[in-house]
Amino acid sequence: MRAALVASAAVVAACSTSGKSSGPAAPAVPAAKVTFTPGNGTGDVSPTAQVSVSVADGRIDQVALSNPNGKQVTGTFDPARSKFTVNEALGYGVTYTWSGTAIGTDNKPVPIDGKFTTVKPKATSPATINIGDGQEVGIAAPIILQFKGHIDDKAAVEKALTVTVTPAAEGSWAWLPDANGGSRAHWRPKEYWAPGTAVHVGAKLYGLDMGSGLFGDSDLTSDFKIGRSQIVKGHAPSHRVQVVRDGDTVFDFACSYGEGNEDRNVTRTGIHVVTEKYEDFTMSNPPFYTNAREHWAVRISNNGEFIHANPESLNAQGSSNVTNGCINLSPTDAQAYFPTALYGDPVEVTGTRIQLSAADGDIYDWTIDYDDWKAMSALAGDPKSVVSATAVPPQAPGGQAPGAR
């Protein structure tokens, strides 16, 4: 009887060890954690935004960011190979794909797999700078940034512009009315440039949202220098004009200014700027003359005003004003002045009844008081303070571009 009881207890003990099965063990979570900037699947990314992939609790074994054609984007690793950062601008409207592998601190691989898409603009706007690298210009030369297309967000654009001046000089951007197919921003110093000044212009426009779906086409830079100081000073009632270089009068010419009996032939009073010159130039101002061939012609405004040789007015030069608005010199004097003229030289005319203004072309910057000029900046504050300067097609003097005799 006792033996039977022992056997029964043994059976109970054996059954108690079977319990309930726990099943297969859960897989271990990989240690490496991959983070994309911008996040995986993001759209409308700026092509100049910071783009990177980073790994926590691990390192990057291999990685590539590629466009749909398989071209890989360049970038750099940090010292620990825990982050890869793109170091080149991307394209507009492109889907980029991440690929590669990260290795965690547990030595297990984790795939690097993601994508994002850059913004696709409605349009892009190319821009140009009027002064090229290495150019030497006169002391009144403005910096002109000309856009192809109208810019709505001028403040955003202006924030992307830099002007570095050595030695330092105060100056400001101003937005003038659209011309030549688009918006334009001019920068000028408060006073004439100091001779020998070094200027660097930077425009970080690529990837910039300029408003209304228009984006920047490319970045621009220019490094140039201010040359000697040369100012042409003309007082119309005197019938003479002086060329003052670095404070010394180097030429004092007899001349003839606009006759002034009509608005169209008044040589404008104000600070003009030399923009171009031609040894041989054909001028037209119908119905007064057409295809008149002139020599040693230096343009001082976009309304048709030049300093140039004109033997037909030789008898009047020094005694009366008879031209259609230009400043006429003898052939000898015009040829002597011509090689000294530099883009950006100021030509200061006084003594006539009509002021140079926006109606006279694209460079009338120095006719605007500096405080008013600063108010024309998109960053000036209250937009009501911006001076209106509505452009008018060139009419006078000379009636029609390209020139007035």
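## Salt bridges, cores and an open sheet

Lys233 and Glu348 form a salt bridge in which the closest N and O atoms are 3.0 Å apart. This pair ties together distant parts of the chain, with Lys233 in strand S18 (residues 230–235) and Glu348 in strand S26 (residues 346–350), 115 residues apart. The model is predicted. Its protein chain has 405 residues, of which 47% count as buried, and its secondary structure comes to 4 helices and 26 strands.

**Salt bridges**

- The structure holds 11 salt bridges.
- Lys233 counts as partly exposed, at 33% relative accessibility.
- Arg268 and Asp360 meet through their side chains in a salt bridge of 3.3 Å, N to O.
- Arg268 lies in the loop between strand S20 (248–254) and strand S21 (270–273), while Asp360 lies in the loop between S26 and helix H4 (370–375), 92 residues apart.
- Arg268 counts as buried at 7% relative accessibility, and Asp360 is buried with a relative accessible area of 4%.
- Lys33 and Asp57 form a salt bridge through their side chains (3.7 Å, N to O).
- Lys33 belongs to strand S1 (residues 33–37), and Asp57 sits in the loop between strand S2 (52–56) and strand S3 (58–66), 24 residues apart.
- Lys33 is partly exposed, with a relative accessible area of 48%; Asp57 is also partly exposed, at 43%.

**Nonpolar cores**

- The largest nonpolar core has 36 residues, and among those with the most contacts inside it are Ile143, Phe147, Trp193 and Leu205.
- Elements giving two or more residues to this core include strand S9 (127–129), strand S11 (143–147) and strand S17 (220–226).
- S11 supplies the largest share of this core, 4 residues.
- Beyond its neighbours within four places in sequence, Leu205 is in contact with residues including Ala127, Phe147, Val157 and Leu220.
- A second, separate core of 21 residues includes Cys255, Val274, Ile300 and Val347.

**Open sheet S22-S23-S24-S25**

- In this order, 4 strands form an open sheet with mixed pairing.
- Strand S22 (276–285) and strand S25 (327–329) stand at the edges with a single partner strand each, so one side of each has no neighbour in the sheet.
- On average, neighbouring strands of this sheet are turned by 40 degrees against each other, direction ignored.
- Strand S23 (residues 289–299) and strand S24 (residues 306–309) run antiparallel and are joined by 3 bridges.
- Ile307 in S24 stands opposite Val298.

**Chain totals**

- Among contacts in the protein chain with a separation of 6 or more, 66% are between residues 24 or more positions apart.
- The accessible surface of the protein chain is about 19,400 Å², and 53% of it belongs to carbon and sulfur atoms.

Definitions and conventions. Residues numbered from 1 in each chain as written. Predicted model: local features only at pLDDT ≥ 70, side-chain atom pairs only at ≥ 80, totals over all residues. Heavy atoms only, no water. Pairing = 2+ DSSP bridges. Axes fitted to C-alpha atoms, helices over the stretch in contact; angles between N-to-C directions. Core = buried A, V, L, I, M, F, W, Y, C linked by side-chain atoms within 4.5 Å. Buried < 20%, exposed > 50% of the residue type's maximum accessible area, 1.4 Å probe, protein only. Contact = heavy atoms within 4.5 Å. Areas by Shrake-Rupley, 256 points an atom, 1.4 Å probe, with all protein chains shown as cover. Salt bridge = Lys/Arg side-chain N within 4 Å of Asp/Glu carboxyl O.
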